[in-house]
Protein chains: 2
Amino acid sequence: MHDVIIIGGGPAGLSAGIYAVRRGLSTLILEKKILGGQLPFVREVENYPGFKSILGKELADRMVEQVKQLGVEFLVGEMEDMNLKGEIKSIKTKEGEHACRAVIIATGGEYQKLGVSGEKEFTGRGVSYCPTCDAPFFRDKIVAVVGGGNRAVSDALYLSDVAKEVYLIHRRDKLRAEQASQEKLKEKGVKPILNAVVEEFHGDVMLKSIRIKDVETGIPAVLNVQGVFISVGTIPHTEVEKKNGVAVDEKGFIKVDRNQKTNISGVYAAGDVTGGVMQISTAVGEGCVAALSAYEHIREPYWKKKG
Amino acid sequence: MHDVIIIGGGPAGLSAGIYAVRRGLSTLILEKKILGGQLPFVREVENYPGFKSILGKELADRMVEQVKQLGVEFLVGEMEDMNLKGEIKSIKTKEGEHACRAVIIATGGEYQKLGVSGEKEFTGRGVSYCPTCDAPFFRDKIVAVVGGGNRAVSDALYLSDVAKEVYLIHRRDKLRAEQASQEKLKEKGVKPILNAVVEEFHGDVMLKSIRIKDVETGIPAVLNVQGVFISVGTIPHTEVEKKNGVAVDEKGFIKVDRNQKTNISGVYAAGDVTGGVMQISTAVGEGCVAALSAYEHIREPYWKKKG
């Protein structure tokens, strides 16, 4: 039996681990793939306070080492089911059931991919899913944003302050984004390419161009761009949680209050899985709050059990 | 005219600076004393993800350097007044008025001091105001908590899981804390010393003992302790803000929503000044969100002005 099980070993889960174990709670972090979450796949991080510039992998390693040294246990395995009812909760993996008194959900999410040739290869080498993280690398360069929703339009507008030229590529003949935003696109000189999909990413070390195709005529074209920001949505990892009664918003992100509490007693959530701005700095802040809230929650029955 | 003025150069303000300037906003941080806020006065930080252990001063220096390199302007000076009405806001210091389109309040707060001999000298050498930060340094040691409110009781309870012996020193004959918490103190073996005040801190390099006095009889006593946690309240720095209509809670902390918005359009707050758990990790997360919210707010008029 652990005091706390943290599901997910990205920055939010690792931060929660630091605060939980320092409060004397026996803590297990369950990670399905790679410790550090998405962080090891980020090339350079320049917006986490304390590091001017650090490789994502290095920052993840530093956090993991810090958490291990403090005595948090790690288990690599995928959560198959959970039982969040009652005072004692349990998390089920292939290896068995793991009981605990509080659960912190830090399962993150993933950027929706286009799933086309070269996308994976050039991620971090011209292809990005996070303008807040990467836009400054594209100062005075030519970039494209892929997507047609409010977020894509917002990304294109932001990039237009930084980049030399911004294309906005959308597969439909109209943008879904609000009219006001569309007018701003015009003001800012963003060039929409409608009815178009990206079919391939090209380059050598870095991205140099993309092949796009008009979905009506089928006619292909090559667009020379140094950067492509893919903004077609984020998918939070909440399948098992939803099935077990954790309340989510219309996009599937877990609803939390300022103490990172979910709708279920003893269950907290932190990081990208709760939506918001999805930054490392917000993830570590939310992880901290979730752990301290979990501590408050389990203190009483915990002591009673300990006698 | 700046796009954003951030009031306060602690971790929340510095993080806000990073995100604001990376969004292309012209950004000024106004700090009344020392860049880094309270951080330079913290000896060792062991709970900020990314650093196993770092001196507060060093972490502050790293953040300040990062922010400066990105092009944030700094001004050392005290805010005397502010005007938050309308689209263009202004912040007044002795040197003059500074106009901006959005304000981020990150003025922090300070732990209420006892104001007795040796307190300052032994801060970081046995005297602490933050159990969440420092309790692990006192494993199996004898400590005292000073205070009688819910927070002091909560601190004493937490420390009883870590320390060998915990005293709770309160100047009145009853604790203000809830009855339930008081019963827990008994369960956990915390020893209350009521009707007592701390008069002096003693030691050489590190704290060794304190002199306390019974407020009724005037009889002094010496208590051998390696740690004293002073938990008599936090005073947020919100005088000027309150006068200018920023809504605060009953303890004087600025009220914010999940986007760090205050009750006034274009005015945001982040870090200790908003209350909560008051950790570096939460401060940087809130600073990030405040800056991105400010960016969203000023984008439209900003562009209109720019033509």
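Hi everyone, let's start with chain A, whose secondary structure comes to seven helices and 19 strands (DSSP runs, H or I of at least four residues for helices, E of at least two for strands, numbered from the N terminus). Please keep in mind that this is a predicted model, where local features need pLDDT of at least 70, side-chain atom pairs count only at pLDDT 80 or more, and totals for chains, interfaces and linings use all residues. Residues are numbered from 1 along each chain as its sequence is written, chains are lettered from A in the order in which they are written, and side-chain values use heavy atoms, without hydrogens and water.

The C-alpha trace of chain A spans about 75 × 35 × 35 Å along its principal axes. Of the 307 residues in chain A, 55% are buried, meaning under 20% relative accessible area with a 1.4 Å probe, protein chains only.

Now to the partner. Chain B and chain A each bring 49 residues to the contact, with heavy atoms within 4.5 Å. How many salt bridges link chain B and chain A? The count is six, taking a Lys or Arg side-chain nitrogen within 4 Å of an Asp or Glu carboxyl oxygen. One of the salt bridges joins B:R22 and A:E46, at 3.4 Å from N to O.

On the side of chain B that touches chain A, the elements giving two or more residues include α1 (11-22), α2 (56-69) and α7 (280-306) of chain B. The most comes from α7(B), with 13 residues. Thanks, friends!

Notes. Buried means under 20% relative accessible area, exposed over 50%, partly exposed in between (1.4 Å probe, protein chains only).
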